[in-house]
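Hi everyone, thanks for coming. I'd like to walk you through a structure that may be new to you, so please have a look at it with me.

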Amino acid sequence: MSVPNPEPLPEQLLVPHRRRLSPNTPGYAEILAMHEEAIRQGEDGYDDPLSGLWVMTAAYLWERGYCCYSGCRHCPWIDR
């Protein structure tokens, strides 16, 4: 069992790694805006505008404290 991360999410991790979400992805700006709004509202995730799937925010994943190796779009643990 992991311990939640006590440190705040570093600002540079708010933008997903390009291997997880390319800046060339259609709707990229909308996705980033939805992610930012979800974090601002204290939500754990948001509905992806392209697929309709629920996507966890980087803040939620950071607070969780570990990577689950599922390829999450906003994973803050991916090697940058």
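Let me begin with a question: in which helix is L61 found? The answer is helix α2, residues 58–64. Helices here are DSSP runs of H or I with at least four residues, strands are runs of E with at least two, and both are numbered from the N terminus.

Before going further, a word on what you are looking at. This is a predicted model, where local features need pLDDT of at least 70 and side-chain atom pairs count only at pLDDT 80 or more, while totals for chains, interfaces and linings use all residues. Residues are numbered from 1 along each chain as its sequence is written, and side-chain values use heavy atoms, with hydrogens and water left out.

Now the overall picture. Along its principal axes, the C-alpha trace spans about 35 × 25 × 20 Å.

How much of the chain is buried? Of the 80 residues, 34% count as buried. Buried means under 20% relative accessible area, exposed means over 50%, and partly exposed is in between, with a 1.4 Å probe and protein chains only. As for contacts, meaning heavy atoms within 4.5 Å, residues 24 or more positions apart account for 43% of those with a separation of 6 or more.

Let's turn to helix α1. It has 13 residues and reaches 18 Å from its first C-alpha to its last, close to the 18 Å expected at 1.5 Å a residue. The expected span is 1.5 Å times one less than the number of residues. Which residues of α1 are buried? They are Y28, I31, H35 and A38. They cover an arc of only 90° around the axis, which puts them on the same side of α1; the arc is that of the directions from the helix axis to the C-beta atoms. On the other side of α1, A29 and R40 are exposed. The cover over the buried residues of α1 includes β1, residues 45–47, and α2. Just after the helix, G42 takes a positive phi of about 75°.

That brings us to the interior. In soluble globular proteins, nonpolar side chains tend to be buried together. Here the largest nonpolar core has 6 residues: L21, Y28, I31, A38, Y46 and V55. By a nonpolar core I mean a set of buried Ala, Val, Leu, Ile, Met, Phe, Trp, Tyr and Cys residues joined through side-chain atoms within 4.5 Å. Helix α1, residues 28–40, gives the largest share of this core, 3 residues. Apart from it lies another core, of 5 residues, among them L9, L13, A59 and W62.

Y46 lies in strand β1 and is buried, with a relative accessible area of 5%. Leaving out residues up to four places away in sequence, Y46 touches several others, including I31, H35, A38, V55 and H74. H35, in helix α1, is buried at 1% relative accessibility. Beyond its neighbours within four places in sequence, H35 is in contact with L14, Y46, T57, A58 and H74.

And back to L61, where we started: is L61 buried or exposed? L61 is buried, with a relative accessible area of 0%. Not counting residues up to four places away, L61 touches M56, Y66, C72, H74, C75, P76 and W77.

Two last stops. H17 lies in the segment before α1 and counts as buried at 14% relative accessibility. H17 and P76 are 59 residues apart in sequence, with their C-alpha atoms 8.3 Å apart in space. Y69, in the segment after α2, counts as exposed at 75% relative accessibility. Y69 also has a positive phi of about 60°, although it is not a glycine.
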